[in-house]
Amino acid sequence: MAKYDNNFTDLLRNRLSIVDIVNHYIPLVKKGQNYWGCCPFHNEKTPSFSVNEDKGFFHCFGCGKHGDIISFVMEYKHLDFLSAITELAEMAGVPLPTVKQKSKAEQEAEESYFAIVKNAQKIFTEKLYTPEGEHALAYIKNRGFTDEMIKKYGLGYAPKNNIISNKFVDIKREKLIATGLVRQGEYGLYDFFRDKLMFPIYNTKGHIVAFSGRSLDGSEPKYINTSDTELFHKRQTLFGFNFAREDIHKNNRTIVVEGQIDTIQMQCNGFGETVAPLGTALTEDHLALLCKANRNIVFCFDGDGAGQKAAVRAAGLIMPFIRDNSEVKFAFVTGGKDPDEILRKGNRSEMEKIINDAIPLVDFLWKTANTNYLVKTPSGRAQAEKYLKQEVNKIQDNLLKTEYERDYKNRKFNEWRNYNNKKDDINIEVPEIDSVVKNTIIFIINKFPELAERYGDFLNKLNLDLDQEGKSDLDFNLNQAERYIYSLKIQKYLEFLEEKKHKLIASSLKSGISASDEIQRIEQEIKKLYDKQDILLNN
Ligand SMILES: [Zn+2]
């Protein structure tokens, strides 16, 4: 049988949630840490089929069937390995790589890769405690790192000279180059990391696959990472994830911070569930990896403009991954500080408060819509609405999507209605209109967009879904279309005034306080409006 390399099947396992896939075929309910359903492989009435999202496997306590996402699809749909992989790749939206057998040579290459980077890490750590690495050690100690922390995370120092290319002379140069630690220059091999504070990067299985090096002389960029290799893909790797796994499970959430030092300080100060991307913006692959472990995520960003921007981006990316049981939140560290600085000063409770005060996703999107667009104007509100709609449409869970839509509809009503009528001579509440009228208006606006601008203030109150086509049996020209909208506006205003009049009459009867002046004024206005309607009808 042809075999895909582990990278690809791992990619599928990372990208897809086993719960989503199984739930697609049999209903699952979350109980405790696992999801449960009736086993599709034997006949049963009470669920003994469990699915563990974090570990990515299913297990039936009834018939003993056990496997991962790939074997589930194979068994359930009676597919061979290749077809199951093809189907899953399609669901994950990733192209199928060309089939290749993992040869003995490739396996050997992998083993030598792991051995080289592991040895390199040992050398870097040794160097940290020599006079050569003094300034690196001073720097990291100054940032509050203890020897214990240095040991746990395998920190080290890559000296100025070419230590790796000089020390690993018995290893074939292609093998060395494959690790990204050395490069081929005009005069032979040279080290990629020189005079850097070294942070090993581990894969999910806990093997070192790459390094991140921090500059110590103030030169930019602050961090350089190993370029992507066969075994290291920056966009799919989260710093600290291998250390965080257990705490993510235990604390039932993940905290995402921006930097590596932040991650280590967080993990060592009681926030073991913390991870960070590697000096890049978060990617879809990062989020897929996170959501597979746990769908409760607190994103912790700088409070500055760049942090806000990064948060908006993260929110946009997380939308397809949220479920009705996920809690996604956004925390901001303000005052130009970062988590590392706060924790270094021993202010654990300050950090805890920042995390606890995190804003839920639904509020964060609303806040973003209201700060990024001028919602005081009709066009600003339209843009804000488009933004919200675009984000909500990414939600895969239909019920959850409906809830978001309902929530924003209420907020729009409650928080935006005061902006609606400022410049309008006719002032009414959100009027009720039936679906025929609604469709007609949408039809008209799509045909004559200029009317949308002219009557924006009124139309905004109708909460129309302008992405729909709308329909009408009447064939309007521009003049007729405008009359239709104008007369509707008058009609709605009439309804509003009639109601206001009745309320006034009722309250004055009840209280015994005369409101006849006010009632008379309303009646005059009503008469004027009927006159207007007459003129419209007779022209
Ligand atoms: Zn079973």
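Is Tyr-202 buried or exposed? With a relative accessibility of 14%, Tyr-202 counts as buried, where buried means under 20% relative accessible area, exposed means over 50%, and partly exposed is in between (1.4 Å probe, protein chains only). Keep in mind that this is a predicted model, where local features need pLDDT of at least 70, side-chain atom pairs count only at pLDDT 80 or more, and totals for chains, interfaces and linings use all residues. Residues are numbered from 1 along each chain as its sequence is written, and side-chain values use heavy atoms, with hydrogens and water left out.

Let's stay with the rings for a bit. Searching the whole structure turns up 27 aromatic pairs. Rings of Phe, Tyr and Trp (its six-membered ring) pair if their centres lie within 6.5 Å; planes under 30 degrees apart count as stacked, over 60 as edge-to-face and the rest as tilted. Tyr-202 and Phe-243 have ring centres 5.2 Å apart and planes at 75 degrees, so they make an edge-to-face pair. Tyr-202 belongs to strand E9 (residues 196-202) and Phe-243 to helix H10, so this pair ties together parts 41 residues apart in sequence. Helices (H or I, at least four residues) and strands (E, at least two) are DSSP runs, numbered from the N terminus. Phe-243 itself, at 22% relative accessibility, counts as partly exposed. For a stacked pair, look at Phe-299 and Phe-301: their ring centres are 6.2 Å apart and their planes sit at 20 degrees, so they qualify. Both Phe-299 and Phe-301 are buried.

Phe-299 also turns up in the largest nonpolar core, which has 44 residues; it is among those that touch the most other members, including Ile-318 and Leu-361. Such a core is a set of buried Ala, Val, Leu, Ile, Met, Phe, Trp, Tyr and Cys residues joined through side-chain atoms within 4.5 Å. A second, separate core of 43 residues includes Val-117 and Phe-193.

Now for the metal. Cys-39 (SG), His-42 (ND1), Cys-60 (SG) and Cys-63 (SG) coordinate the zinc ion at 2.0 to 2.3 Å. Donors are N, O and S atoms within 2.8 Å of the metal (3.2 Å for Na, K and Ca); water is not among the atoms, so sites may look incomplete. Along the chain, the donors follow the spacing C-x2-H-x17-C-x2-C. His-42 is partly exposed, at 24% relative accessibility, whereas Cys-60 is buried, at 1%.
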